[in-house]
Amino acid sequence: MKTRALPVIVFAGPSVIASEFPEDLQAHLSPPAAQGDIVAAVLRHGPCVIALIDGFFQGVPAVRHKEILWAISRGAIVFGAASMGALRAAELWTCGMHGRGLIFRWLRRFPLLPDDAVAVLHAPPELGAGSLTEALVDLRQGIKRARRSGTVSAGIAHELLLRAQDLHYTERTFTKIADGLPPQDRADVVAGIRRSGRSQKKQDALNLLNELRARQQHDDWPAPSSAGEFVFTDAFLHDLAESGFPIHTLDVH
């Protein structure tokens, strides 16, 4: 049975930006999600499709697991990929969240990977939310491809991987991880990794957007989750109050 047309809300930037969206995808683009943004989307749009790609990691509270579960319990169909979306989907796929992409599968397979493996420093949304650093998952992919192609030696690849892991996510760039190399090697190594690398985060995000486009064109969405009854907790209500939501709007019982 086909469902009625559902609004699609995408939380994204910088994994994918507006100019990279499929042209015929009808979606509301929102900045990276923070605490309360998923709740706000459901209150504004009612039952909807939510694609969580990017979310804030510091500076403001991150999007909560509990609000995603609340959205699912209210009939929202929630997808996650690439960055914060992949993290939350790896944690909530058994509860009705739909994870997509290689990074989601990695996080399911290796649950102890650090959250900052997908984090980047990015410009504010009003300046396009472009990435200013590289995600650890993308650096690792670039280094491994450079090693397989012979661009860098096994020893240098190992050194670069260790360096990338040790750096804070706000400092991870191709140039920074090569700082410890001899000057005569540094430029060649950085250029080689850049040639070998592509953003897995961007690829996962684009694949999800293309899937949403195809589903939207055929009005073919997964059935809303039939997970157990949502249970409000004091911590969740506190988080919502902190985000400015009147409790009466949430049908607390």
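Two strands are taken to pair if DSSP finds at least two bridges between them. In this predicted model, strand β1, residues 8-11, meets that condition with strand β3, residues 49-52: the two are joined in the parallel sense over 4 bridges. Within this pairing, F11 has L52 of β3 as its bridge partner.

The pair belongs to an open sheet of 5 strands, arranged in the order β2-β1-β3-β4-β5. The pairing in this sheet is parallel.

Helix α3 comprises residues 84-92 and helix α4 residues 102-109. Their axes come within 8 Å and cross at roughly 45 degrees. Angles from 65 to 115 degrees count as roughly perpendicular and those under 35 degrees as roughly parallel; α3 is therefore oblique to α4. The crossing of α3 past α4 is right-handed.

The residues of α3 that take part in the contact are A86, L87, A89 and A90. On the side of α4, they meet I103, F104, L107 and R108. Sorted by class, the contact of α3 with α4 contains 7 nonpolar residues and 1 charged residue, with no polar residues.

Terms used. Residues are numbered from 1 along each chain as its sequence is written. This is a predicted model: local features need pLDDT of at least 70, side-chain atom pairs count only at pLDDT 80 or more; totals for chains, interfaces and linings use all residues. Side-chain values use heavy atoms; hydrogens and water are left out. Axes are lines fitted to C-alpha atoms, for helices over the stretch in contact, and angles run from 0 to 180 degrees between N-to-C directions. Angles under 35 degrees count as roughly parallel, over 145 as roughly antiparallel, 65 to 115 as roughly perpendicular and the rest as oblique. A crossing is left-handed if the near helix is turned anticlockwise from the far one by less than a right angle, and right-handed if clockwise. Contact means heavy atoms within 4.5 Å. Ala, Val, Leu, Ile, Met, Phe, Trp, Tyr, Cys and Pro count as nonpolar, Asp, Glu, Lys and Arg as charged, and the others, Gly among them, as polar.
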